[in-house]
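Subject: Structure for you to look at

Hello,

Here is the structure I said I would pass on. My notes on it follow below the model.

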Amino acid sequence: MTGIAPRSASPRARLAVRLAWAVLWLLLAIASLEFLLAAYGKYRHLDSDAYGMFMTRRGWLWMHLAGGLTTVLLGPVQFLTQWRRRHPRLHRLTGRAYLVGMLVAAAGATGLIATSPAPFAIRLAFAATALAWLTTGLTGLIAIRRGAVDRHQRWMTRNYAVTLAPVIFRLSLPVAIAGGLAPSPTLIATLLWCSWIVPLLICESVRRLAQVARSSRRQISPDGMPLPDTR
């Protein structure tokens with residue numbers, strides 16, 4: 001998710017890729033900002049009725065919200081390729097802050113899930129999301145500690161896809177209801193699963209398509225003739 005087109009592409013193709021990534025990041029920024037204003041704004045007053053069943057568990061909720069806010073805001077910065085190359089130390093610092101935020105948010109989520117009166121299917125879906133979040137993030141951390149930069153980037157891309165799961169869930173629930181589906185525990189659980197599985201599948205599909213495109217370019221000589229197979 002660097003947003004940089006291959007150097008072998010034409011100027012028009014590179015511009016198209018950059019514009020596509022810019023539009024994608026803009027849409028993600030708008031959706032994330034709307035989510036933050038809606039989800040966090042309603043808890044700004046300690047006596048707000050929005051707390052509801054969270055009132056007795058608001059400590060866990062605050063942990064989850066604080067950590068989640070950190071990851072949503074810092075995540076996009078980590079994918080700015082030029083910034084990352086020019087400021088590697090700052091990239092590492094914000095990366096550590098991102099991972100700390102993830103751990104704090106996951107701890108809060110664990111407390112909320114453990115004390116939740118919600119149906120088992122919903123609690124299981126939330127737990128699976130938290131587990132996917134931790135697994136992708138910690139795998140990315142292990143990769144960079146071992147010096148595997150490409151592997152680290154792949155896993156942190158997957159991790160941020162899971163980070164956006166609450167945003168995607170909040171967008172998909174009204175769409176499902178508008179489509180005539182009743183907001184049942186089964187629907188909520190299904191959307192929770194899809195909110196991180198579908199983005200991960202999209203990430204993997206895009207990555208594989210990019211690999212196929214790179215492999216195809218390597219098999220073509222500068223004059224457009226296929227190169228002999230050296231495998």
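Leu192 counts as buried because its relative accessibility is 5%, and the cut-off for buried is under 20%. Please bear in mind that this is a predicted model, and that every value in this email was computed from it. Leu192 sits in helix α8. Setting aside neighbours within four places in sequence, Leu192 is in contact with Ile122, Ala125, Phe126, Thr129 and Phe169. One of these, Phe169, is 23 residues away from Leu192 along the chain, and the C-alpha atoms of the two are separated by 6.2 Å.

**The chain as a whole**

The protein has eight helices and zero strands. Read along the sequence, the pattern is α-α-α-α-α-α-α-α. Of the 231 residues in the protein, 35% are buried. Taking the contacts between residues at least 6 apart in sequence, 63% join residues that are at least 24 apart.

**Two helix pairs**

Two packed helices are described by the angle between their axes and by the distance between those axes. I went through two such pairs, and α5 takes part in both.

The crossing of α4 and α5 is left-handed. On the α4 side, the contact is made by Tyr98, Leu99, Met102, Leu103, Ala105, Ala106 and Ile113. On the α5 side, the residues are Arg123, Phe126, Ala127, Trp133, Leu134, Gly137 and Leu141. Sorted by class, the contact of α4 with α5 has 12 nonpolar residues, one polar and one charged.

The second pair is α5 with α6, and α6 covers residues 149-163. The axes of α5 and α6 come within 8 Å and cross at roughly 160 degrees. The two helices are therefore roughly antiparallel to each other. The crossing of α5 and α6 is left-handed. From α5, the residues in this contact are Thr129, Ala132, Trp133, Thr136, Gly137, Thr139, Gly140, Leu141, Ala143 and Ile144. They meet Val149, Arg151, His152, Trp155, Met156, Arg158, Asn159, Val162 and Thr163 in α6. By class, the contact of α5 with α6 divides into nine nonpolar, eight polar and two charged residues.

Trp133, Gly137 and Leu141 of α5 are listed in the contact with α4, and these residues are also listed in the contact with α6. Phe126 of α5 is in the contact with α4, and Phe126 is also among the residues in contact with Leu192. Thr129 of α5 is in the contact with α6, and Thr129 likewise is in contact with Leu192.

Trp196, at 12% relative accessibility, counts as buried.

**Two further residues**

Tyr40 lies in helix α1. Leaving aside neighbours within four places in sequence, Tyr40 is in contact with Phe35, Leu65, Gly68 and Leu69. The C-alpha atoms of Tyr40 and Ala66, which are 26 residues apart along the chain, are separated by 9.4 Å.

Thr56 is in the loop between α1 (11-41) and α2 (58-74). At 74% relative accessibility, Thr56 counts as exposed. Thr56 and Thr115 are 59 residues apart along the chain, and their C-alpha atoms are separated by 9.9 Å.

Regards

Methods: Residues are numbered from 1 along each chain as its sequence is written. This is a predicted model: local features need pLDDT of at least 70, side-chain atom pairs count only at pLDDT 80 or more; totals for chains, interfaces and linings use all residues. Side-chain values use heavy atoms; hydrogens and water are left out. Axes are lines fitted to C-alpha atoms, for helices over the stretch in contact, and angles run from 0 to 180 degrees between N-to-C directions. Helices (H or I, at least four residues) and strands (E, at least two) are DSSP runs, numbered from the N terminus. A crossing is left-handed if the near helix is turned anticlockwise from the far one by less than a right angle, and right-handed if clockwise. Contact means heavy atoms within 4.5 Å. Ala, Val, Leu, Ile, Met, Phe, Trp, Tyr, Cys and Pro count as nonpolar, Asp, Glu, Lys and Arg as charged, and the others, Gly among them, as polar. Buried means under 20% relative accessible area, exposed over 50%, partly exposed in between (1.4 Å probe, protein chains only). Angles under 35 degrees count as roughly parallel, over 145 as roughly antiparallel, 65 to 115 as roughly perpendicular and the rest as oblique.
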